[in-house]
Amino acid sequence: MLLDTLLPLAFCPRDHVVAQLGQSLDGRIATASGHSHYVTGEPSRVHLHRLRALADAVIVGAGTVEADDPQLTVRHVEGDDPVRVVLDPRARVPAERHVFTDAGPTTWHVVAEGRDAAPGALRLGFDAADMARLPRALLDALAERGLHRVLIEGGGVTISRFIDADCIDRLHAVVAPLLIGSGRPGLALAEIETLHEARRPACRSYPMGEDRLYDLDLRASV
Ligand SMILES: NC(=O)c1ccc[n+]([C@@H]2O[C@H](COP(=O)([O-])OP(=O)(O)OC[C@H]3O[C@@H](n4cnc5c(N)ncnc54)[C@H](OP(=O)(O)O)[C@@H]3O)[C@@H](O)[C@H]2O)c1
């Protein structure tokens with residue numbers, strides 16, 4: 001039952017991190033130009049808003065804020081907006097983006113030491129030499145601020161780095177019956193030599209309109 005996919009985030013006894021990615025059958029999340037509205041259907045977008053409503057904080061990468069200018073608020077369901085976190089070490093995201101300028105929830109702008117945050121955001125600085133450890137350090141910094149339930153909403157680069165750092169509990173991969181055929185990839189993880197090394201997480205899947213949701217437990221292998 002689809003409700004089961006929300007329970008770990010709603011009732012987690014400790015910090016919990018869920019990532020969600022909407023991809024085509026051929027594993028793309030956007031065209032080469034960055035167009036991604038919409039890969040998945042309406043029921044999948046409602047599911048995403050439910051996850052937002054359950055999360056204390058939502059993390060997105062610089063590429064997503066640059067390309068999509070998202071609001072990252074809860075609109076398709078009832079619930080509170082999460083705090084917004086933009087991972088942008090080089091501070092390349094334009095300061096005019098919604099997350100920095102609208103009257104919505106707080107936005108943390110995560111930048112490397114020596115870089116300024118956008119004027120409308122709070123600054124979270126990290127040593128550039130420590131970027132490999134950024135996923136764990138960022139989650140710790142959010143937990144110190146009382147933000148324990150975290151949704152990582154993309155894009156593919158950001159989610160991949162958090163998976164490679166073993167920082168994600170569950171991945172909600174929503175696969176749409178669509179062939180994009182080129183463009184931005186979903187996951188791109190550290191290279192492996194043989195399929196014996198591939199991750200085989202415990203998985204449940206559910207129909208979601210025309211799409212299919214794969215709820216992967218990255219803490220458990222089958
Ligand atoms: N279909 C979907 O579900 C979905 C969801 C979200 C986004 N999208 C689409 O996906 C595209 C963007 O995705 P993307 O994969 O190209 O980019 P992205 O993940 O949004 O952003 C990647 C960038 O964020 C920064 N970053 C992320 N994690 C980091 C880490 N651990 N350490 C240091 N820097 C980190 C880096 O910025 P620097 O390069 O500046 O160092 C990195 O290049 C857009 O076209 C958007 O429309 C689709």
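Let me start at the ligand, where one of its oxygen atoms sits 2.5 Å from an N or O atom in the side chain of aspartate 68, and please keep in mind throughout that what we are looking at is a predicted model. Backbone atoms take part as well: a polar backbone atom of valine 157 is 2.8 Å from a ligand oxygen, and a polar backbone atom of glycine 34 is 3.1 Å from a ligand oxygen. Taken alone, the ligand would expose 920 Å², and of that area the protein buries 88%.

Which elements give two or more residues to the shell around the ligand? They are β1, β2 at 28–30, α3 at 62–68, α5, and α6 at 156–164. Among these, α3 supplies the largest share, with 5 residues. The shell as a whole counts 26 residues, and the closest of them are Gly22, Thr64, Asp68, Arg92 and Thr158.

Let me turn now to the sheet. Its 9 strands form an open sheet with mixed pairing, and if you follow them across, the order is β6-β5-β4-β3-β7-β1-β8-β11-β10. The edges are β6 and β10, the latter covering 201–208, and each of these pairs on one side only. From one strand to the next the twist averages 20°.

As a reminder for what follows, strands of a sheet pair through backbone hydrogen bonds, and they do so either parallel or antiparallel. Within this sheet, β1 and β7 run parallel and are joined by 4 bridges, with alanine 19 standing opposite isoleucine 152 in β7. On the β3 side, β3 and β7 also run parallel, joined by 3 bridges, and here isoleucine 59 has isoleucine 152 of β7 as its bridge partner. If you click on isoleucine 152, then, you can find alanine 19 opposite and isoleucine 59 as a bridge partner.

Helix α2, residues 42–54, lies across β1, β7, β8, β10 and β11, and runs at about 145° to β7. Helix α5, residues 134–144, lies across β1, β3, β4, β5, β6 and β7, and runs at about 140° to β6. The buried residues of α5 are Leu134, Pro135, Leu138, Leu139, Ala141, Leu142 and Ala143, and just after this helix glycine 146 takes a positive phi of about 85°.

I would like to set two individual residues side by side. Is histidine 16 buried or exposed? Its relative accessibility is 7%, and because the limit for a buried residue is under 20%, it counts as buried. Histidine 16 lies in strand β1, residues 16–24, and, leaving out residues up to four places away in sequence, it touches Pro8, Leu9, His148, Arg149, Val150, Asp169 and Arg170. Aspartate 116, by contrast, has 65% relative accessibility and so counts as exposed, the limit there being over 50%. Aspartate 116 is in the loop between β5, 107–112, and β6, 122–126, and, apart from neighbours within four places in sequence, it is in contact with Ala91, Val111 and Arg123.

The peptide bond from histidine 37 to tyrosine 38 is cis, with omega near 0°, and tyrosine 38 lies in the loop between β2 and α2. The bond from glycine 154 to glycine 155 is also cis, with omega near -5°, and glycine 155 belongs to the loop between β7 and α6. There are also positive phi values in residues other than glycine: leucine 72 has a phi near 60° and is found in the loop between α3 and β4, where its 1% relative accessibility makes it count as buried. Aspartate 166 has a positive phi of about 55°; it lies in the loop between α6 and β8 and, at 46% relative accessibility, counts as partly exposed.

Terms used
Residues are numbered from 1 along each chain as its sequence is written. This is a predicted model: local features need pLDDT of at least 70, side-chain atom pairs count only at pLDDT 80 or more; totals for chains, interfaces and linings use all residues. Side-chain values use heavy atoms; hydrogens and water are left out. Buried means under 20% relative accessible area, exposed over 50%, partly exposed in between (1.4 Å probe, protein chains only). Contact means heavy atoms within 4.5 Å. Two strands pair if DSSP finds at least two bridges between them. Axes are lines fitted to C-alpha atoms, for helices over the stretch in contact, and angles run from 0 to 180 degrees between N-to-C directions. A residue is near a molecule or strand if one of its heavy atoms lies within 4 Å of it. A polar contact is a pair of N or O atoms within 3.5 Å; within protein, one must be able to donate a hydrogen and the other to accept it, and residues adjacent in sequence count only if both atoms are side-chain atoms. Accessible areas come from the Shrake-Rupley method with a 1.4 Å probe; for residues, only the protein chains shown count as cover.
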